[in-house]
Amino acid sequence: MTLTEFNALDTKPAAQVLELCCVSTRWIEGVLRERPYRDLPALRNVADSVWSTLSKDDYLEAFEGHPKIGDVNSLKAKYAGSGNLAAHEQSSVANAAEPVIERLVKGNQRYERRFGYIFIVCATGKSALEMCELLEQRLDNGPIVELTVAAEEQRKILQIRLEQWQ
């Protein structure tokens, strides 16, 4: 997707393109409201600005658009039509040793029981072991701190996805 193509889209297709970056309805609406964008930095600035206004419920909605780290079947199902964005971001998991994947699965289960949503991490550039260690460290966070950390990780992910636009 190019910025010129995005700016030219009708609202519904443009919203569908933004959903590949983040599924929060309020974030999508806020980013769409500011179109057209003169350049990618302007879009990325608005994306961050809108993100900073979202509520806990908006963040939780955004988290629902992610597969669990280490859940290869979830990756395939959730991102079948997305050009495999998340699959590429989590590519290190596919090559991880079985014990690391098992730790990720068990850690995800504990995390979801503790916080009520899946573990969100910007996986780009991280090994499966690094993600596993981050997950285990973050289990010690309180709910408010963890929501803040997870929201920042989601913001990083959506920015990386926007960067891929030409």
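**Helix packing**

A: In this predicted model, α3 and α4 pass each other in a right-handed crossing. The two axes come within 9 Å and cross at roughly 140 degrees. Because angles over 145 degrees count as roughly antiparallel and 65 to 115 as roughly perpendicular, α3 and α4 are therefore oblique to each other. On the α3 side the contact involves R26, W27, G30 and V31, which meet L43, V46, A47, V50 and W51 of α4. By class, the residues of this contact comprise 7 nonpolar, 1 polar and 1 charged.

The loop between α3 and α4, the latter spanning residues 40-51, contains P36. The peptide bond leading from R35 into P36 is cis, with omega near 0 degrees.

Helix α3 (residues 25-33) also packs against α2 (residues 11-19), the axes coming within 10 Å and crossing at roughly 125 degrees. That angle makes α2 oblique to α3, and the crossing of α2 and α3 is right-handed. From α2, the residues T11, A14, A15, L18 and E19 take part, and from α3 the residues W27, I28, V31 and L32. The contact of α2 with α3 divides into 7 nonpolar residues, 1 polar and 1 charged.

The residues contributed by α9 are V100, R103, L104, G107, N108, R110, Y111 and F115, while α10 contributes A128, L129, M131, C132, E133, L135, E136 and R138. Sorted by class, the residues of the contact of α9 with α10 are 9 nonpolar, 2 polar and 5 charged.

Two of these residues, Y111 of α9 and R138 of α10, are also touched by A150, a residue of helix α11 (residues 143-163). With a relative accessibility of 0%, A150 counts as buried. Leaving aside residues up to four places away in sequence, A150 touches F63, Y111, Y117, I120 and R138. Between A150 and R138 the separation is 12 residues in sequence and 9.5 Å in space, C-alpha to C-alpha.

These pairings belong to a protein with 11 helices and 0 strands, so that its pattern along the sequence reads α-α-α-α-α-α-α-α-α-α-α. Of its 166 residues, 45% count as buried. Among contacts between residues at least 6 apart in sequence, 68% join residues at least 24 apart. The accessible surface of the protein comes to about 8,700 Å², and 51% of that surface belongs to carbon and sulfur atoms.

Conventions. Residues numbered from 1 in each chain as written. Predicted model: local features only at pLDDT ≥ 70, side-chain atom pairs only at ≥ 80, totals over all residues. Heavy atoms only, no water. Helix = DSSP H or I, 4+ residues; strand = E, 2+ residues; numbered from the N terminus. Buried < 20%, exposed > 50% of the residue type's maximum accessible area, 1.4 Å probe, protein only. Contact = heavy atoms within 4.5 Å. Areas by Shrake-Rupley, 256 points an atom, 1.4 Å probe, with all protein chains shown as cover. Axes fitted to C-alpha atoms, helices over the stretch in contact; angles between N-to-C directions. Parallel < 35°, antiparallel > 145°, perpendicular 65-115°, else oblique. Left-handed = near helix turned anticlockwise from the far one by under 90°. Nonpolar A, V, L, I, M, F, W, Y, C, P; charged D, E, K, R; others polar.
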